[in-house]
Amino acid sequence: MTALLEAKGLKRFYKVGSGRRRGTLHALDGVDIAIGRGESVGLVGESGCGKSTLARVLARLVEPSAGSLVFEGEDIGAIPLARFVTNPARPRIQMVFQDPTESLNPHLTVADAIADPLRRLARLSGAALDRRVREAIDMVGLPEALLGRYPHQLSGGQKARVGIARAIAVGPELLILDEPTSALDVSVQAVVLKLLADLRDRLGMSYVFVSHDLDVVRLLCERVVVMYLGEVIETAPAETLFERPAHPYTRALIAAIPHPERRGKHPPRLDGSPRSPIDPDPNICQFYGRCPIGQPVCAEKRPPLRPVGEGHLAACHFAGQPSSTTAT
């Protein structure tokens, strides 16, 4: 599959603390990821693993500290953010944010919220602008009667749909979704997820779907990328990853998914706590100390992301070996 967007060695560092306690937080620490044309990729991992940071770097909302970010042959990561606004790639990469209430300007009507990127990125005005706004709101299944309303006059599901309409109005090829349904009720989540699946089928967009809900990722995504402390530690086709996870951390995540057959049983827990992302030791596996199959070599050499099957990569010296966290 031809890559639409390809990142290599992406890093994002933040200076934290002061004086003797000053350090560098490694939010992203050498991430490689490729998104194919028309592909839907799920990005999973526990809170603080770097999922949202990676989503914002891929969307060019945050500058990478190092690495390349190539979109259709152009290293857009090397373009300063101030200049990227006018780059032809800007409207082709759009993002839907986690909280629809926070991401909508309370002073803009629905029509103005959708029209804003069309004015700035597509340079539309007049009748053409009005037509595109109405097409966008129709695509997300909202009535035109809502165009004159403000965010506080909308339900959570309606605000989520407006956020999606705003993102797709400019005709993106890549849509990055950062937990777009996590702030919604379960019944509303199902409706929005179906809408996203339908839009992808209709418009042929590529998706990067950030989520903590592995069941949703399994349903919507063709491939899954698992992150841990700023690194990609496993990636595989969705069916392969859920049926044959190779990394012990991925197995622990899957074992924790609620399942009727395990009702009343507590999923196996990982011992210890995650390592600090501040000034991490480059020679130690980040998962060492929590890993049920860790060995001395894990404290001496950080494992690279390597092939363990067709389209299946894992960053573990003992990838595929059984552990006590294997799902049943």
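Here are a few exercises, with worked solutions, on the predicted model shown above.

**Exercise 1. The whole chain**

Work out how compact the chain is and what its secondary structure comes to.

Step 1: Start with the elements. The chain has 10 helices and 12 strands.

Step 2: Now check the radius of gyration. For 328 residues the globule rule gives 20 Å, and the chain comes out close to that at 21 Å, so it is as compact as a globular protein of that length.

Step 3: Along the principal axes, the C-alpha atoms fill a box of roughly 65 × 50 × 40 Å.

Step 4: Look at burial and contacts. Buried residues account for 50% of the 328. Take the contacts between residues at least 6 apart in sequence: 63% of these join residues at least 24 apart.

**Exercise 2. Helix α6**

Find out how enclosed helix α6 is, and what its buried residues pack against.

Step 1: Get the span. Helix α6 covers residues 156–168, and its 13 residues reach 19 Å from the first C-alpha to the last, close to the expected 18 Å.

Step 2: Count the buried residues. In α6, 11 of the 13 are buried, so the helix is largely enclosed by the rest of the structure. Among them are Lys-159, Arg-161 and Arg-166, along with Val-162, Ile-164 and Ile-168.

Step 3: List the partners. The buried residues of α6 pack against strands β6 (93–96) and β7 (174–178), plus helices α3 (100–103), α4 (110–121), α5 (126–139) and α7 (186–203).

**Exercise 3. Leu-142**

Decide whether Leu-142 is buried or exposed, and say which residues it is in contact with.

Step 1: Leu-142 sits in the loop between α5 and α6.

Step 2: Apply the cut-off. Buried means under 20% relative accessible area, and Leu-142 has 11%, so it counts as buried.

Step 3: Go through the contacts. Beyond its neighbours within four places in sequence, Leu-142 is in contact with Ile-137, Gln-158, Arg-161 and Val-162.

Step 4: Take one distance. Leu-142 and Arg-200 are 58 residues apart along the chain, and their C-alpha atoms are separated by 17 Å.

**Exercise 4. Thr-240**

Do the burial check for Thr-240 and name the residues it touches.

Step 1: Thr-240 is in helix α9 (residues 238–243).

Step 2: Its relative accessible area is 15%, so Thr-240 is buried.

Step 3: Not counting residues up to four places away in sequence, Thr-240 touches Pro-245 and His-312.

Methods
Residues are numbered from 1 along each chain as its sequence is written. This is a predicted model: local features need pLDDT of at least 70, side-chain atom pairs count only at pLDDT 80 or more; totals for chains, interfaces and linings use all residues. Side-chain values use heavy atoms; hydrogens and water are left out. Helices (H or I, at least four residues) and strands (E, at least two) are DSSP runs, numbered from the N terminus. The expected span of a helix is 1.5 Å times one less than its number of residues. Buried means under 20% relative accessible area, exposed over 50%, partly exposed in between (1.4 Å probe, protein chains only). Contact means heavy atoms within 4.5 Å. The radius of gyration is taken over C-alpha atoms; the globule rule is 2.2 Å times the number of residues to the power 0.38.
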